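Please keep the sequence and the 3D view open while reading.

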Amino acid sequence: MRIVLLSSIVPFINGGARFIVEWLEEKLVEAGHEVERFYLPFVDDPNEILHQIAAWRMMDLTQWCDRVICFRPPAYVVDHPHKVLWFIHHIRIFYDLWDTPYRGMPDTPETRAIRDNLRALDTQAINEAKAVFTNSRVVADRLKTYNNIDATPLYPPIYQPERFSHTGYGDEIVAISRLEPHKRQALMIEAMQYVKTGVKLRLAGTASSAEYGRQLIQRVQDLGLRDRVIFEDRWITEDEKAEMLKEALAVAYLPKDEDSYGYPSLEGAHARKPIITTTDSGGVLELVEHGRNGLISEPDPRALAEQFDRLHADKQGVAKMGTASLNRLAELKIDWSTVVERLTS
């Protein structure tokens, strides 16, 4: 088939939302399809959001391809008779984040009107799709709750999982992701003041803002943890990432209500590491089974410190969890052949 992959981006911001499109393109080409990848910039400014969506809606790709596969909002409003969605998330400030501190705008008649119109547009456009897949059960549940649309979870794999290997279990719990408040690196740092074993924490990734990066560094210093917390505020290459995970004790990924399990969790699993997360981390809980392939903690520094210590004190148990972590991927069919088959059937 001729397939167009269609998604939105925030210019100059890299991450999983781009990777899922780029990696799928390569796998579809390997399967014999012709593929084009289209991105358009998109920002969730309430004063501009409906204008931007109108621009997407006016695009007609019917004559150019047999199928479009849409990802981030509002790509799915594009008009095509064979539209398939791999739905990553809503524009969350108008959905599940509306009644939270993350809304970032006042609750006024004007913003509520934008919210209500957006939800109606989304429901109509998503219902046009021939098939709707999501990247997690969490996102499928949101579609059902807010749009009354049934969707099937289709778990995203990582690119070239063979890069990740395992050479043992050292002292470091590794957390590699963008440094952002909702990824809760600060919670991990706070936990380290309460650990009782020789466990260490390695934080690595680019900070979402220079100020947030400085706050984390300052907190490490204020708590006297410079010998226990390794902090790398920079872009980590794929080779560096694989090297960090080789001898890690475990991988920590504990965002606040994440849409999916996150690539850091998968990378850790491919390196045969237990995954540490929290009870409110969202999609990660679809991957992690407490005590089997990782540990699930309350989002509290002392509780998290206990889980860090538990792993450090029981390397034999860690090894068993690491093996189960890898096996869990096969159980959930997290692989590219499954993805390609579902999206092209």
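At 0% relative accessibility, Cys70 counts as buried (buried means under 20% relative accessible area, exposed over 50%, and partly exposed in between, with a 1.4 Å probe and protein chains only). The model is predicted, so local features need pLDDT of at least 70, side-chain atom pairs count only at pLDDT 80 or more, and totals for chains, interfaces and linings use all residues. Residues are numbered from 1 along each chain as its sequence is written, and side-chain values use heavy atoms, with hydrogens and water left out.

A disulfide is a pair of cysteine sulfur atoms within 2.5 Å. Cys65 is in no disulfide, and a search of the whole structure finds 0 of them. Cys65 is also buried, with a relative accessible area of 6%.

Phe71 lies in the loop between β3 and β4. Helices (H or I, at least four residues) and strands (E, at least two) are DSSP runs, numbered from the N terminus. Phe71 is buried at 1% relative accessibility. Which residues does Phe71 touch, not counting residues up to four places away in sequence? The list is Leu5, Leu6, Ser7, Ile20, Val21, Leu24, Tyr76, Trp86, Phe87 and Ile88, where contact means heavy atoms within 4.5 Å. Phe71 and Ile20 are 51 residues apart along the chain, and their C-alpha atoms are separated by 8.8 Å.

Pro74 is also placed in the loop between β3 (67-70) and β4 (83-87). A cis peptide bond joins Pro73 and Pro74, with omega at about 0 degrees.

**Helices α3 and α4**

Helix α3 (residues 109-127) packs with helix α4 (residues 137-147) at an angle of about 115 degrees, and their axes are 11 Å apart. Axes are lines fitted to C-alpha atoms, for helices over the stretch in contact, and angles run from 0 to 180 degrees between N-to-C directions. At this contact, Arg119, Asp122, Thr123 and Ile126 in α3 meet Leu143, Tyr146 and Asn147 in α4. These residues divide into 3 nonpolar, 2 polar and 2 charged. Here Ala, Val, Leu, Ile, Met, Phe, Trp, Tyr, Cys and Pro count as nonpolar, Asp, Glu, Lys and Arg as charged, and the others, Gly among them, as polar.

Arg142 is found in helix α4. Is Arg142 buried or exposed? Arg142 is buried, with a relative accessible area of 7%. Leaving aside neighbours within four places in sequence, Arg142 is in contact with His90, Arg92, Asp96, Asn147, Asp257, Glu258 and Asp259.

**The six-stranded sheet**

Strands of a sheet pair through backbone hydrogen bonds, either parallel or antiparallel. In this model, 6 strands form an open sheet with parallel pairing, in the order β9-β8-β7-β10-β11-β12. Two strands pair if DSSP finds at least two bridges between them. The edge strands, β9 (229-232) and β12 (294-297), each pair on one side only. On average, neighbouring strands of this sheet are turned by 20 degrees against each other, direction ignored.

Strand β7 (residues 172-176) runs parallel to strand β8 (residues 200-204), and 5 bridges join the two. Ile176 has Ala204 in β8 as its bridge partner. Between β10 and β11, which run parallel, there are 2 bridges. Ala252 stands opposite Ile276 in β11.

In a regular strand the side chains alternate between the two faces of the sheet. In β11, Ile275 and Thr277 point one way, Ile276 and Thr278 point the other way, and all are buried. Helix α8 (residues 263-270) lies across β7, β10 (250-252) and β11 (275-278), and runs at about 150 degrees to β11.
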